[in-house]
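Subject: Structure handover and notes

Dear colleague,

I am passing on to you the structure that we talked about, and I would be glad if you could read these notes with it open beside you.

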Amino acid sequence: MSKNQKYQDNIEQSCLEFVKRDMKEKDAFGLSNEQYIELKNWLNDSELNSNNRFPDFTFNNGFIEHFAITSSLENKKGAKQKRESSILKNKSETNFLSKLENSEAEKVLISRSYGRKFEEHTYSNIVDSIKKNWIKHIESYDKNITTSKHGIFLIEYIDINIQTAISRKNESVKVFDTYRISVDKYLLDWIYSYKEKINYLIFVNLLSSSIEIIRIDHIPEITEGISDIWYAPTLGMEAHKYVGLKTKNKNL
């Protein structure tokens with residue numbers, strides 16, 4: 001198994017383990033108590049498919065396919081947020097180690113911080129990311145699935161840069177520190193057209209410990225009565241801090 005495949009398997013397994021460990025009935029939308037228990041059993045019985053082919057996990061007469069989405073701007077090189085974060089991390093590590101190594105003092109303690117502002121994350125970006133990845137994995141479904149009765153898409157939102165505000169009649173506004181797909185009537189209506197192929201959508205944000213479980217053929221009931229929703233980007237900075245001690249005293 002290649003390093004990249006092992007790394008990807010670990011990401012997928014970690015996301016699934018988080019859902020199995022932390023999911024609660026309050027996170028489920030459109031499920032009866034019996035369906036919730038059935039789904040939990042499927043997740044617990046699932047096994048990793050480590051041959052780099054669709055799907056990522058299988059269980060008796062069913063499958064789970066994991067994919068990641070972003071609210072950052074995406075192009076052929078991937079998500080801008082992830083790409084720029086990697087560049088900052090690599091440059092800051094190189095710069096810090098160079099300063100530490102080039103110090104001529106007998107003993108020196110160096111501390112450095114490196115940061116950058118988040119670029120703008122948008123609701124439009126996250127919708128585009130979900131649709132693009134959804135269609136890509138539906139194409140894989142069409143090529144590989146013939147007899148499976150139970151299909152689950154496990155979607156992992158890898159950022160924490162979109163907040164959701166929900167206003168309901170006679171209730172105060174409730175704000176979530178992540179994007180909430182369970183109140184996104186526009187996107188759920190689009191997903192509903194795939195109800196014959198995919199039974200459940202599990203939407204996860206590990207950074208905010210958020211889980212939403214959607215029974216897709218019950219989306220009309222889930223979205224009925226949804227009131228005003230606002231999505232707004234979270235402003236902030238990404239920072240890396242390093243502290244290092246250099247000494248020429250071999251006895252230290």
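This is a predicted model: local features need pLDDT of at least 70, side-chain atom pairs count only at pLDDT 80 or more; totals for chains, interfaces and linings use all residues.

Residues are numbered from 1 along each chain as its sequence is written, and side-chain values use heavy atoms, with hydrogens and water left out.

The sheet

Helices and strands are taken here as DSSP runs numbered from the N terminus, with at least four residues (H or I) for a helix and at least two (E) for a strand, and two strands are said to pair if DSSP finds at least two bridges between them. In general, strands of a sheet pair through backbone hydrogen bonds, either parallel or antiparallel. In this model, 7 strands make up an open sheet with mixed pairing, and their order is S1-S12-S11-S8-S4-S3-S2. Strands S1 and S2 (47-48) stand at the edges with a single partner strand each, so one side of each has no neighbour in the sheet.

Of the 8 residues of S4, 7 are buried, so the strand is largely enclosed by the rest of the structure. On one hand, S4 runs antiparallel to strand S3 (residues 57-59), to which 3 bridges join it, and Phe57 has Ile64 in S4 as its bridge partner. These two strands, S3 and S4, form a hairpin with 2 residues between them, and Asn61 in the turn has a positive phi of about 65°. On the other hand, S4 runs parallel to strand S8 (residues 150-157), with 8 bridges joining them, and here Glu65 has Phe153 in S8 as its bridge partner.

Salt bridges

How many salt bridges does a search of the whole structure find? The search finds 7, where a salt bridge is a side-chain nitrogen of Lys or Arg within 4 Å of a carboxyl oxygen of Asp or Glu. One of them joins Lys185 to Asp189, whose closest N and O atoms are 3.1 Å apart. Both residues lie in helix H5 (residues 185-191), 4 residues apart, which is about one turn of the helix; Lys185 is partly exposed at 41% relative accessible area, and Asp189 is partly exposed at 37%. Another joins Asp217 to Arg215, with the closest N and O atoms 2.9 Å apart; here Asp217 is partly exposed at 32%, whereas Arg215 is buried at 17%.

A further salt bridge joins Lys26 to Asp27, with 3.2 Å between the closest N and O atoms. Lys26 is exposed, with a relative accessible area of 64%, but Asp27 counts as buried at 9%. Asp27 lies in the loop between helix H1 (3-22) and strand S1 (28-29). Leaving aside neighbours within four places in sequence, Asp27 is in contact (heavy atoms within 4.5 Å) with Asp22, Ile211, Glu212 and Ile213.

Two further places

Ile229 is found in strand S13 (residues 228-233) and counts as partly exposed, at 22% relative accessibility. Although Ile229 and Ser167 are 62 residues apart in sequence, their C-alpha atoms are 6.4 Å apart in space. Apart from neighbours within four places in sequence, Ile229 is in contact with Thr164, Ala165, Ile166 and Val183.

Finally, Val175 is found in strand S10 (residues 174-176) and counts as exposed, because its relative accessibility is 53%.

With best wishes,
A colleague

Note on methods. Buried means under 20% relative accessible area, exposed over 50%, partly exposed in between (1.4 Å probe, protein chains only).
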